[in-house]
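The points are numbered and can be read in order.

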Amino acid sequence: MATTAVTDASFKSDVLESDKPVLVDFWADWCGPCKMIAPALEELSEELADKVTIAKMDIMENPEVPGGMGVQGIPYLVLFKDGQPAAHMRGAAPKGQLKQWLESVL
């Protein structure tokens with residue numbers, strides 16, 4: 001399963017009301033580190049599809065949710081469990097590190 005695009009309008013249903021954990025990648029098209037981790041997140045969305053949904057939210061097109069959460073730097077990854085933020089990671093990291101972090105917080 002590929003990553004899912006999430007918008008301000010769909011955030012509640014796609015993330016907060018999801019029956020499994022959702023990792024949200026807050027990103028922007030102009031962000032180099034965001035583009036660097038995108039392929040790793042796509043691969044992890046396939047590898048961990050039974051455990052977690054990986055979603056991407058463009059902060060430029062959807063300012064409401066990131067603004068409300070106080071997102072100040074990107075990439076910013078937030079894992080939501082049962083509708084609540086359970087863990088977060090700021091900045092880019094290699095796929096192995098992303099996977100290790102994600103599995104440790106699931």
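**Notes on the predicted model**

1. The annotation "active site", taken from an unreviewed UniProt entry, covers Cys31 and Cys34. UniProt positions are given in the numbering used here, feature names are shortened, and annotations may be inferred rather than shown by experiment.

2. The model is a predicted one, in which local features need pLDDT of at least 70, side-chain atom pairs count only at pLDDT 80 or more, and totals for chains, interfaces and linings use all residues. Residues are numbered from 1 along each chain as its sequence is written, and side-chain values use heavy atoms, with hydrogens and water left out.

3. Where is Cys31 found? Cys31 sits in the loop between β2 (22-27) and α2 (32-47). Helices (H or I, at least four residues) and strands (E, at least two) are DSSP runs, numbered from the N terminus. Cys31 counts as buried because its relative accessibility is 4%. The term buried means under 20% relative accessible area, exposed means over 50%, and partly exposed lies in between (1.4 Å probe, protein chains only). Not counting residues up to four places away in sequence, Cys31 touches Ile74 and Pro75; contact means heavy atoms within 4.5 Å.

4. Cys34 belongs to helix α2. With a relative accessible area of 2%, Cys34 is buried. Residues up to four places away in sequence again set aside, Cys34 touches Phe26, Trp27, Ala28, Ile74 and Pro75.

5. Strand β4 (residues 76-81) and β5 run antiparallel and are joined by 6 bridges. Val78 stands opposite His88 in β5, and the bridge partner of Leu79 in β5 is Ala87. The hairpin of β4 and β5 has 2 residues between the strands, and Asp82 there takes a positive phi near 50 degrees.

6. Helix α2 has 16 residues and reaches 24 Å from its first C-alpha to its last, close to the 22 Å expected at 1.5 Å a residue. The expected span is 1.5 Å times one less than the number of residues. At Ala38, α2 bends by about 35 degrees, and a proline, Pro39, follows within four residues. The bend at a residue is the angle between axes fitted to the seven residues ending there and the seven starting there.

7. Which residues of α2 are buried? They are Cys34, Ile37, Ala40, Leu41, Leu44 and Ser45, and what covers them includes β2, β3, β4 and α4. Ala40 has a relative accessible area of 11% and is buried. Leaving aside its neighbours within four places in sequence, Ala40 is in contact with Lys95 and Leu98.

8. Asp25 lies in strand β2. Its relative accessibility is 0%, so Asp25 counts as buried. Its contacts, leaving aside neighbours within four places in sequence, are Ile37, Leu41, Ala55, Lys56, Met57, Pro75, Tyr76 and Leu77. Asp25 and Met57 are 32 residues apart in sequence and 6.1 Å apart in space, C-alpha to C-alpha.

9. Tyr76 is in strand β4 and counts as buried because its relative accessibility is 10%. Leaving aside neighbours within four places in sequence, Tyr76 is in contact with Val24, Asp25, Phe26, Val71, His88, Met89 and Arg90. Tyr76 and Cys34 are 42 residues apart in sequence, with 8.8 Å between them in space, C-alpha to C-alpha.

How values were computed
Pairing = 2+ DSSP bridges.
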